[in-house]
Amino acid sequence: MNIKDEVLQEITQMFLRCEDVLEYEWTELVFVFEFGDGHVSNSGFLYNGQEITPATASIANDKLLLRNSLKALREDVYQECGYRFNQLLFQMENKTKRFKIDFEFEDPKKWAITPDNMFEMREKLRPNFN
């Protein structure tokens, strides 16, 4: 898969404009976007040492910008490889601004954050850039 660096940088900048990201202090963050039949949802966590804050990715003055950009990325990936991803995982470290984007094509619940697994997933999804 060949995604242009400019597209990845634009997406990263959108995550940095999200309300929760701007409102809370964080050292790492993670967001999971889930794509279903006609809907997109997201959830995640902001990490600051041992403090973990549940978060969602939404830009205050343009609520649909990030979602629509990720939907467009999903279609670009489909055009290139013939498959649509079910989930997108975005992880970032604040100090270095390093980030990772990963896609899940097969298991639509691989990174799903639910009330039943929230404590487990917040540790499982914690970014590790070492």
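1. Read from one end of the sequence to the other, this predicted model runs α-α-β-β-β-α-β-β-α. That amounts to four helices and five strands. The radius of gyration is 14 Å, close to the 14 Å that the globule rule gives for 130 residues, so the protein is as compact as a globular protein of that length. Along the principal axes, its C-alpha atoms fill a box of roughly 40 × 30 × 30 Å.

2. Now to the inside. The largest nonpolar core has 26 residues, and those with the most contacts within it are Phe-15, Phe-31, Phe-33, Leu-66, Leu-70 and Leu-88. Helix H1 (5–16), strand E1 (28–36), helix H3 (65–81) and strand E4 (87–93) each give two or more residues to this core. H1 supplies the largest share, five residues.

3. Phe-31 deserves a look of its own. Beyond its neighbours within four places in sequence, Phe-31 is in contact with residues including Phe-15, Val-21, Leu-46, Ala-55, Leu-88 and Phe-90. A second, separate core of ten residues includes Val-32, Ile-52, Trp-111 and Met-121.

4. Some overall figures: buried residues make up 42% of the 130. The accessible surface comes to about 7700 Å², with 46% belonging to carbon and sulfur atoms.

Conventions:
Residues numbered from 1 in each chain as written. Predicted model: local features only at pLDDT ≥ 70, side-chain atom pairs only at ≥ 80, totals over all residues. Heavy atoms only, no water. Core = buried A, V, L, I, M, F, W, Y, C linked by side-chain atoms within 4.5 Å. Buried < 20%, exposed > 50% of the residue type's maximum accessible area, 1.4 Å probe, protein only. Contact = heavy atoms within 4.5 Å. Rg over C-alpha atoms; globule rule 2.2 N^0.38 Å. Areas by Shrake-Rupley, 256 points an atom, 1.4 Å probe, with all protein chains shown as cover.
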